[in-house]
Amino acid sequence: MNTIRKMAVIGLGHMGKHMIHRLLPQFKGQIELSAICDSHEESLRREAAEIADSPRLYTDYRQLLDETELDMVYIAVPPSLHENVAKIAFEKGLHVFCEKPLANSLEEARVMTALAERSGKIHAVHFSLPLDPAVLKMKALLKERAIGAIAGMNLFLEFPQWPRAWQHNAWITSRQQGGYLLEVGIHWIQMIQQVFGPITHVQSQVTFPEDASQCESLVRAVLRLEDGTDIQLSGTDRREGDERVSLVIHGEEGRIALENWRDLQLGGPAEAEMQPVPLDDVSSPLPMLKQFLQCIQGEPGVIFNFHDGYNAQVILEALRHPGEGWVDVRDQLLGYSSAEM
């Protein structure tokens, strides 16, 4: 008989709501939602009214963590609060499932990773893209050399407006902890690191609005992989038409495109029309909450821990805070070793 694990959800933005209304109901009898927290009491009570269970309600995460008996916590507050919440959670002996990005700065990410490793608890960042069926199929096609050797890639993070219509909140447009590089780009950075290996060099040019409080408007950057492959990054909040969040892989014999997250396409030479790739034969281990729970129970599971979150943060911060020319980030990556360094 499986032990029911007690969980708290801290932060009721888009992802916190998704957790309590969409994900947790899939784990009845395995996870008990013991408490929820949000600084806005009206939002807190509104969301609680739609939950079948009766979790305890808090507007202060410190009080929640001090008063509630828990096994694990889901952190879905803005990035600037991740370190504070995680620190207390680890001190309380809890397993921690954190939204991306891991932190609001590289220093905070480094502190959180050290805390996590010392805690002996399961820790994970909510990165799901590497386990998405389209990405798993893309990896299989690359392994089969469906497009030959990879010559280069293009990453598009292009939006007609930022934030998107469903995404308005107090911090998503701020230069401190918002922007599409942080909110969306981090998914693709981490997926690229998992699928293609370390990103070792970054060259970035970022245009910001005159308002110093506002996040990036235009990004032109190059991410260089350890094997020398370059990924050209194009980011904007002024795209004409629908948003495009996509990775296009150019091979010597064709192209693979992962368009708008999950639309996988395969084509020949550049002028050839791309054809959709069916995903019916792909079995994905998602959702990540399932994998996180399996790890807590001592069962095999696939998660991306704070170590992975830190290494993704290295690249994110190199993009958001450009240096002069190429920036070599190899000495910042945890676990990286190269005979050339």
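Phe-90 counts as buried, at 9% relative accessibility; buried means under 20% relative accessible area, exposed over 50%, and partly exposed in between, with a 1.4 Å probe and protein chains only. The model is predicted: local features need pLDDT of at least 70, side-chain atom pairs count only at pLDDT 80 or more, and totals for chains, interfaces and linings use all residues. Residues are numbered from 1 along each chain as its sequence is written, and side-chain values use heavy atoms, with hydrogens and water left out. Helices (H or I, at least four residues) and strands (E, at least two) are DSSP runs, numbered from the N terminus.

**Aromatic pairs**

- Rings of Phe, Tyr and Trp (its six-membered ring) pair if their centres lie within 6.5 Å; planes under 30 degrees apart count as stacked, over 60 as edge-to-face and the rest as tilted.
- A search of the whole structure finds seven such pairs.
- Tyr-74 and Phe-97 make a tilted pair, because their ring centres are 5.5 Å apart and their planes stand at 45°.
- Tyr-74 sits in strand E4 (residues 72-75) and Phe-97 in strand E5 (residues 95-98), so this pair links distant parts of the chain, 23 residues apart.
- Both Tyr-74 and Phe-97 are buried.
- Phe-90 and Phe-306 pair edge-to-face, with 5.8 Å centre to centre and 75° between the planes.
- Phe-90 belongs to helix H4 (residues 82-91) and Phe-306 to helix H9 (residues 306-320), so the pair ties together parts that are 216 residues apart in sequence.
- Phe-306 is buried, with a relative accessible area of 0%.
- One aromatic cluster is formed by Tyr-74, Phe-97 and Phe-292.

**The nine-stranded sheet**

- Two strands pair if DSSP finds at least two bridges between them.
- Nine strands form an open sheet with mixed pairing, in the order E14-E13-E12-E11-E7-E10-E9-E8-E15.
- Strand E14 (275-276) and E15 are the edge strands, each pairing on one side only.
- Gln-265 stands opposite Pro-276 in E14.
- Strand E8 (residues 199-207) and strand E9 (residues 218-225) run antiparallel, joined by eight bridges.
- E8 also runs antiparallel to strand E15 (residues 327-328), with two bridges joining them.
- His-201 has Arg-224 as its bridge partner in E9, and stands opposite Asp-328 in E15.

**Helix packing**

- Two packed helices are described by the angle between their axes and the distance between the axes.
- Axes are lines fitted to C-alpha atoms, for helices over the stretch in contact, and angles run from 0 to 180 degrees between N-to-C directions.
- Helix H6 (residues 133-143) packs with helix H7 (residues 180-196) at an angle of about 35°, and their axes are 11 Å apart.
- Contact means heavy atoms within 4.5 Å.
- H6 contributes Val-135, Met-138, Lys-139 and Leu-142 to the contact, and H7 contributes Met-191, Val-195 and Phe-196.
- By class, this contact has six nonpolar, no polar and one charged residues; Ala, Val, Leu, Ile, Met, Phe, Trp, Tyr, Cys and Pro count as nonpolar, Asp, Glu, Lys and Arg as charged, and the others, Gly among them, as polar.

**Helices across the sheet**

- H6 lies across strand E7 (150-158), strand E11 (244-251), strand E12 (254-259) and E13, running at about 170° to E12.
- H9 lies across E8, E9 and strand E10 (230-236), running at about 35° to E8.

**Individual residues**

- Ser-217 is found in the loop between E8 and E9, and counts as buried at 14% relative accessibility.
- Neighbours within four places in sequence aside, the contacts of Ser-217 include Tyr-180, Thr-207, Phe-208, Gly-235 and Asp-237.
- Glu-67 is in helix H3 (residues 61-67) and is partly exposed, with a relative accessible area of 39%.
- Glu-67 touches Arg-56 and Tyr-58, not counting residues up to four places away in sequence.
- The C-alpha atoms of Glu-67 and Arg-56 are separated by 10.0 Å, and these residues are eleven residues apart along the chain.
- Ser-337 lies in the segment after E15 and is exposed, with a relative accessible area of 60%.
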